[in-house]
Amino acid sequence: MSVRQTKTKSLILESLQKSKQAISHETIQHELEGHVDRATIYRVLNRFCEEGIVHRVVGDDGKQYFAICLNCAEQHHQHNHFHFRCISCGKVECLQQEIALNLPKGYKAQNFNGVVSGYCDLCTRTDK
Ligand SMILES: [Zn+2]
Ligand SMILES: [Zn+2]
Ligand SMILES: [Zn+2]
């Protein structure tokens, strides 16, 4: 990997870490002020997913969002949290509460990628 690519990787990782929520590639592109093209951002994000650094969230709006993984290892994602998309402010969050899934006997969950949409705590507060 070239120096430039390594720098791009760390910049993208930085914006994901800085963000307390799941962000879309558009947001990342915006944060990098257009210095990095779309294809490169996608490639880096896919790599991060494979490495267990980042997970992909497909929102109920059909868009992809990316969030930092807390306890994942390479090729081995382990998630049991919901994602929440606020239909008012548009943020997508990883909810840290663990979800107990009620699966049929003999099934073992490895990765859970559910999205709930609604209004976040800030938006329910200011709506009043
Ligand atoms: Zn993960
Ligand atoms: Zn909101
Ligand atoms: Zn998540």
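**Notebook: the largest pocket and the zinc site**

Entry 1. I looked up the largest pocket and found a volume of about 520 Å³. A pocket here is an open set of points on a 1 Å grid over the protein atoms alone, where a 1.4 Å probe fits, with protein on both sides within 12 Å along at least five of seven lines. The volume is the space filled by probe spheres set on the points. The model is predicted, and local features need pLDDT of at least 70, side-chain atom pairs 80 or more, while totals for linings use all residues. Residues are numbered from 1 along each chain, and ligands are numbered from 1 in the order in which they are written.

Entry 2. I then noted the lining, meaning residues with an atom within 4 Å of a point. The lining has 28 residues, and H55, L70, H79, H81 and Q96 lie nearest the pocket's centre. Two or more lining residues come from each of α1 (3-18), β2 (64-68), β3 (79-86) and β4 (92-98). Strand β4 gives the largest share, 5 residues. Helices (H or I, at least four residues) and strands (E, at least two) are DSSP runs.

Entry 3. I turned to the zinc ion (ligand 3), whose protein donors (N, O and S atoms within 2.8 Å) are H55 (NE2), H81 (NE2), H83 (NE2) and C94 (SG), at 2.0 to 2.2 Å. The 4 donor atoms subtend angles of 100 to 114 degrees, so the arrangement is tetrahedral (all angles between 85 and 135 degrees). H55 lies in strand β1 (residues 54-58) and H83 in β3, so the pair ties together parts 28 residues apart in sequence. Both H55 and H83 are buried (under 20% relative accessible area, 1.4 Å probe, protein chains only).

Terms used. Heavy atoms only, no water. Donors = N, O, S within 2.8 Å, 3.2 Å for Na, K, Ca; no water. Tetrahedral: all angles 85-135°; square planar, octahedral: opposite > 155°, others 65-115°. Buried < 20%, exposed > 50% of the residue type's maximum accessible area, 1.4 Å probe, protein only.
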